[in-house]
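Dear colleague,

I am handing over the structure that we spoke of, and I would be grateful if you could look through it with the notes that follow beside you.

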Amino acid sequence: MAGFLSGDSVFSASASRQREEVGAAAEVPPQAPPIPADAIRIGTASSLVRHPEGFVTPMYERVSRPRLSRFRTSSDVPRYSEGFDGNAILVDEAGTAPRSDYMIAVQSGYVTGGGCFPVAPDSTDCLMEPDSSGNLRAVMKEREVWTFRISYIDPSDPSIPERELTSRTLTWVARTSTGRSCFTFYTWYCNEYGIDLDEILDLYQGIQPDCSMKLGAGYRSQIFYQYSRYSITEADSLPPGTPIWEPATNPATPTRLAEPGKQIWIRNWKLGPGENALRVGPQSAIINPSVPLRYPDKLDLTMTNVGGATTTKIDPGETKLTAVATECGKVFPGVNFTGTIEHVEGSGGHRHGVSNDSTPPSGRVSDAPVTFSGTTDSNGKWTSPFTIKAGEFAGDYAIKAETADLGVEPGVAVPFQTESQLRVGFRGLWRLIPNAADGILMVGHDYASGTCETQNCDNHQNMNHNARLEMHDFVGGLAKVFRKTLNTTGLMGVNDMSLPFGGAFDIEGTWGTGSHITHRLGVDVDINRYIYFAAGAPQSLTPDEIDELTEEANLKIGARRINESSIHFRMPAVDIDALLSGGL
Amino acid sequence: MRCTLFFAILTSWPVFLLAQPVELPSLSIEGTRIDAAVSYDGARGVYRYCYTLVAPSTNKAAVGNFRIDITGRVPRPQLDPDLAGNVARDEAEGVVLQPPTTIPVGITVPDPVQWSATVGKPGWVGFRKRFGGISPGTTASEIIVESKLPPGIRTAYIKPSGRIWSDITLASPAGTEFHPDSVEAFEIKVDVIGPSDPDETALFLGGGQSPHEVNPFLRYAAPTEARTTLAPGTASYRVVVFYGRTIDPGTFSAELNGATATTLFHPIAGTAEVITIPLLPGSNKLKLSVEGTTSGGRTGRDADTLTFLVE
């Protein structure tokens, strides 16, 4: 049984016509015409009802589950080729879809072609006519057409022409040039592979709302249906005036679009303001933690504060919140809203898995209030009366705000909601992931690895190896010096650096600031006092070896050792300057 | 080759001292100096910089290392076979830490077993005596850098050894903090003569002579203008002079404050040198003159007068 490519799936032309959807696609011949990619899922019919006498009963306008669907984001739209049916929000009759939606679409399930020509439009009986031998035979449908359409009629002025926003026509024919029954977008494949395609499994046809569309009612989503007992060839030879399609097309007028056959489904709906018409967020998406430099007698000579002034400390970053209620150039004054600022548990590397204390006391990450409220001014804007000041720890906040009323019609079913993020942290820190050839063993990140002094390292499990990219290079160079100076092929153990966004590194996971006071900027690294080997116990370094390593590292890569019981290096001060002048 | 041939011996003094010790014992090396003697090998076109580090007995710690800035302006191959040295270079093993704009050098140390020397990542040439450093009251000499680039005023960093601290810090419990935080608190910075990479098209010509082709017979990296104002108490100035390729060194003359100073200078066509001239309070005038040949074969004389005003 051969598989054949459709726009999004492969179906089989087996004798039993079992529906079969297979993810893998056969090769597409280069001359094959394009077919709708993700918007249609095709299959083979299993539900054709056979007449006891062998006829196929009229299928009429069969379209299953027609509906109006909202897709808020592009990732919510179905991708039938990937087996993803989409994340749709259904719109009821007279319901509202917000302009912020990525797509508003007519969506359906099965569309099945074929069947006999009914004796009357609503009859289930087949039209029987004598053949050339005088025997009565069922007249079969030769063609069917379904039209999916979204249009707009301005309710404020009926004289304004109806505007077609989107339309898709699906045509089915009983006989292609090679005698296959097939939807016409697929004719090439039906002919090439000798198969029939009588069924669409799913499809959508949508619009992406924009600012040219008026708010309010007047939007219509419809499906029309027509059928014909004549093929195209037959129709061409009919006497003028012979009705070809049933029901006939209701022609367009100066103010209304044509209606191609019977309207088999309609949904009237309204366009509402976008859900993002209210936006609340920080003026600065990221603000730096404060860093009280512990050794101002040394560092105040070289460090530069935010703004360029020489300093003995890094001042905390600050930001206000702002709100704007606007959409498509229209501002919404006097909008009352409320909001929350919620610390994201575990953010900034502070999972605190051992202390189980992942909620920072107020002021540690920032002094942000838990709730806030406001009203937009005449320009639709608002600036918070409060200022959020960073603490010494890094972390993230989720900022949410909502209002039930923008002061315009139509409203929406749920409040207008907005979400944004505020990060307290330093930019430009990246996790160090060494290559095997670097001669580095990452340690101190996971108690189970056996490289931690205490279980406290699990407070920041796998979060302790972040630094600026210059520091990554520094550690790589240090590893080379390590091997050469100590004349070893063993590995250098790289212990704590900084947390993902820097800030205070509380080893105990209790939001205290007394430990690791220098590991806040992504320019510090601890090196364990061992040489590690792939097998066997690590080898301790003697004080003389540590001294040799320190001196050689200073000579070759400018390594600056900070006095600790471990081997602690800090990037040269010039790089800290770069951090503060260019990194914030 | 020992450093017996030299044109100038220059003494460098610490510019400033960083932090004072709080809890850990002092590592002060204030008073440590680096003397430099520069010679030029005309046959190879190589400058030879011989350094002597003098660690006074008043030092509180051994000198751990010293590094001389040799950053340059344009990329160059970092190993030059014309430059002599006795140090196994990392670059030969494919480990190149320094920027490619670092000035290529050859490095010679008194004893390659006892000494470590390298071109370091920031673009410096560094030296250290292994296993203890340069003790107080001792002198380390015959430390040689070769370069094809001319001399200039460079910055050197002299760092004390932290070895006497290691016994304290490494034996302390985890989390113990120390003051000062780093031996760099006692590092000193001095000016030394070393390889430089000036933009020779931007050198000071010393004043406008005519024809234009004559004026570059004498050019200067320092000073950069005919009249230089110096801080009160300034007792000397380092003139960095570049001699034109077509000068006749025998015609060179120098006069400082009306007295002949020709012997202070060692003109060789196409070379440069750093000369320290003594200064008096008030106005000091240095007059330099040399003849050279123009492209048309004519002889011209370039005469410059440089004024140094000690306020």
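A pocket, as the word is used here, is an open set of grid points with protein on both sides within 12 Å along at least five of seven lines, and its volume is the space filled by probe spheres set on those points. Please keep in mind throughout that the model is a predicted one.

With that definition, the largest pocket has a volume of about 900 Å³. Its lining is made up of 42 residues, and those that lie nearest its centre are E453(A), I507(A), H516(A), D526(A) and, from chain B, A174(B). Three elements of chain A, namely β34 (524-532), α5 (543-557) and β36 (560-563), each supply at least two residues of this lining, and the largest share, six residues, comes from β34(A).

Next, the aromatic residues. Over all chains, a search of the whole structure finds 28 aromatic pairs. One of them is formed by Y80(A) and Y204(A), a tilted pair with 6.1 Å from centre to centre and 50° between the planes. This pair links distant parts of the chain, since Y80(A) belongs to the loop between β4 (67-71) and β5 (89-90) of chain A while Y204(A) belongs to strand β14 (residues 199-207), 124 residues apart. Both Y80(A) and Y204(A) are buried.

The pair of W188(A) and Y189(A) counts as edge-to-face, because the ring centres are 5.1 Å apart and the planes stand at 80°, where over 60 degrees is required. W188(A) is partly exposed, with a relative accessible area of 23%, whereas Y189(A), at 2%, is buried. Both residues belong to one aromatic cluster, which also includes F117(A), W146(A), F183(A), F185(A), Y186(A), Y193(A), Y225(A) and Y227(A).

Y227(A) also has a charge over its ring, as the charged end of K141(A) sits 5.3 Å from the ring centre. Elsewhere, R423(A) lies over the face of F501(A), at 3.7 Å from the centre of that ring.

Finally, a word on N466(A), which lies in strand β32 (residues 466-468) of chain A. Is N466(A) buried or exposed? Its relative accessibility is 6%, so N466(A) counts as buried, the limit being under 20%. A polar atom of the N466(A) side chain lies 3.4 Å from the backbone nitrogen of R431(A). Leaving aside residues up to four places away in sequence, N466(A) touches W430(A), R431(A), M497(A), S498(A), L499(A), P500(A) and G522(A).

With kind regards

Conventions: Residues numbered from 1 in each chain as written. Chains lettered and ligands numbered in written order. Predicted model: local features only at pLDDT ≥ 70, side-chain atom pairs only at ≥ 80, totals over all residues. Heavy atoms only, no water. Helix = DSSP H or I, 4+ residues; strand = E, 2+ residues; numbered from the N terminus. Buried < 20%, exposed > 50% of the residue type's maximum accessible area, 1.4 Å probe, protein only. Polar contact = N/O pair within 3.5 Å; in protein donor to acceptor, adjacent residues only side chain to side chain. Contact = heavy atoms within 4.5 Å. Phe/Tyr/Trp six-rings, centres within 6.5 Å; stacked < 30°, edge-to-face > 60°. Lys NZ or Arg CZ within 6 Å of the ring centre and 35° of its normal. 1 Å grid on protein atoms, 1.4 Å probe; cavity = no way out; pocket = protein on both sides within 12 Å on 5 of 7 lines; lining within 4 Å.
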